[in-house]
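Hello,

I am passing a structure on to you, and my notes follow below it. Have a look at it first, then read on.

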Amino acid sequence: MAKKQEDILFKDVAEEEVGVLLKRINIKSKKKKLNPTEIRFIDAKILIADIIIELDNLILIIEFQSTAVDSDDKDRFLAYFSMVNFKKNTKKDIKLVVISTVEESKKIIHIIKDTIKFTFDIYSLMDEDGDIIINNIETKIRNNKKITDEELIDLSLVPLMNSKNTQEQQIEKSVNLILSIDLEKNKVKNLVKSIAYLLADKFLEDGDKKTAICDALGGKMSAIYDYGQRQKEEGIREGIKEGIEEGKKEGKKETNKKMALYMMKKGESDEEIQKETELSLEEIQEIRKNI
């Protein structure tokens with residue numbers, strides 16, 4: 001896992017953002033301190049907890065799982081529990097929740113050598129329809145309607161939900177939408193990108209596609225352009241925003257327009273946009289008129 005880049009995303013996540021995620025999995029607390037670097041990074045090679053949040057009287061570990069929990073997973077979760085307890089040195093209870101795409105919601109009791117008992121919860125998303133969420137977001141974008149914070153959290157969790165598509169396809173669809181939405185007005189903007197990054201990093205096979213997606217979510221201008229080009233080359237087009245069309249012939253021009261729009265919202269000058277996109281100043285100014 002690309003720890004440094006992921007932590008850059010997570011470091012800006014505010015308590016109110018975490019609150020929306022906690023509401024989604026039915027957990028309440030006034031305090032919501034996210035601890036991505038202090039105690040989440042447990043072992044450089046294999047033991048890396050997905051998310052750790054310090055609540056009022058609880059430290060919450062959240063793990064995303066796309067396969068059924070087996071004995072190795074249970075031992076790994078117990079290691080998280082033990083190391084968090086050791087590193088944090090706190091009297092607070094520690095709770096682990098597995099957000100799963102393949103198992104029903106339930107409580108798991110893991111017993112080791114008849115003496116050590118470890119309990120954790122599975123929160124299921126297997127009956128949630130990710131395709132409906134994707135379609136709803138696309139419809140709202142086309143009709144220029146407000147997307148709620150709760151809907152954005154669901155969008156980031158789409159790869160863990162039921163779908164007619166593969167998990168890889170759902171990750172791409174979710175990321176496409178997240179990158180196309182102006183998140184600046186949404187209080188969960190940092191958390192949504194962080195979760196999307198984490199799921200892409202965790203579930204996509206290593207390669208150029210994974211690197212492109214993670215870099216684009218990390219905010220690199222050139223990576224956003226490269227990822228747009230990759231979508232065109234693979235024939236992936238969702239028509240998410242006005243000016244983004246299917247087809248290879250106009251793919252590069254439309255990807256450049258998307259990148260130009262993104263850079264405008266980030267406050268980049270016309271000259272900088274021209275360098276990155278190869279659009280003419282007239283085309284750039286025309287895009288500005290329609291914002």
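At what angle do helix α5 and helix α7 pack, and how far apart are their axes? Please keep in mind that this is a predicted model. In it, α5 (residues 149–157) packs against α7 (residues 189–203) at an angle of about 10°, and the axes are 8 Å apart. That angle makes α5 roughly parallel to α7, since angles under 35 degrees count as roughly parallel.

You can find the contact itself by looking at a few side chains. From α5 come Leu 152, Ile 153, Ser 156 and Leu 157, and they meet Leu 191, Val 192, Ile 195, Ala 196 and Leu 199 of α7. Sorted by class, eight of the residues in this contact are nonpolar, one is polar and none is charged.

Now for α7 on its own. It has 15 residues and reaches 22 Å from its first C-alpha to its last, close to the 21 Å expected at 1.5 Å a residue. Because 12 of those 15 residues are buried, α7 is largely enclosed by the rest of the structure. The buried ones include Asn 190, Lys 193 and Asp 201, along with Tyr 197 and Leu 198.

α6 is mostly covered, with 11 of its 14 residues buried. Among them are Gln 170, Glu 172, Lys 173, Val 175 and Leu 179.

Which residues have the most contacts inside the largest nonpolar core? They are Ile 51, Ile 62, Phe 64 and Leu 155, in a core of 53 residues. The largest share of this core comes from α7, which gives eight residues. A second, separate core has 17 residues, including Ile 59, Ile 61, Leu 78 and Val 84.

Leaving aside neighbours within four places in sequence, Phe 64 is in contact with Ile 195, Leu 198, Leu 199, Lys 202 and Phe 203, and its other partners include Asp 50, Ile 51, Ile 99, Leu 157 and Leu 160.

Finally, the overall picture. The protein chain has 12 helices and six strands, and 53% of its 291 residues count as buried. Of the contacts between residues at least 6 apart in sequence, 62% join residues at least 24 apart.

Enjoy exploring it!

Best wishes

Conventions
Residues numbered from 1 in each chain as written. Predicted model: local features only at pLDDT ≥ 70, side-chain atom pairs only at ≥ 80, totals over all residues. Heavy atoms only, no water. Axes fitted to C-alpha atoms, helices over the stretch in contact; angles between N-to-C directions. Helix = DSSP H or I, 4+ residues; strand = E, 2+ residues; numbered from the N terminus. Parallel < 35°, antiparallel > 145°, perpendicular 65-115°, else oblique. Contact = heavy atoms within 4.5 Å. Nonpolar A, V, L, I, M, F, W, Y, C, P; charged D, E, K, R; others polar. Core = buried A, V, L, I, M, F, W, Y, C linked by side-chain atoms within 4.5 Å. Buried < 20%, exposed > 50% of the residue type's maximum accessible area, 1.4 Å probe, protein only. Expected span 1.5 Å × (residues − 1).
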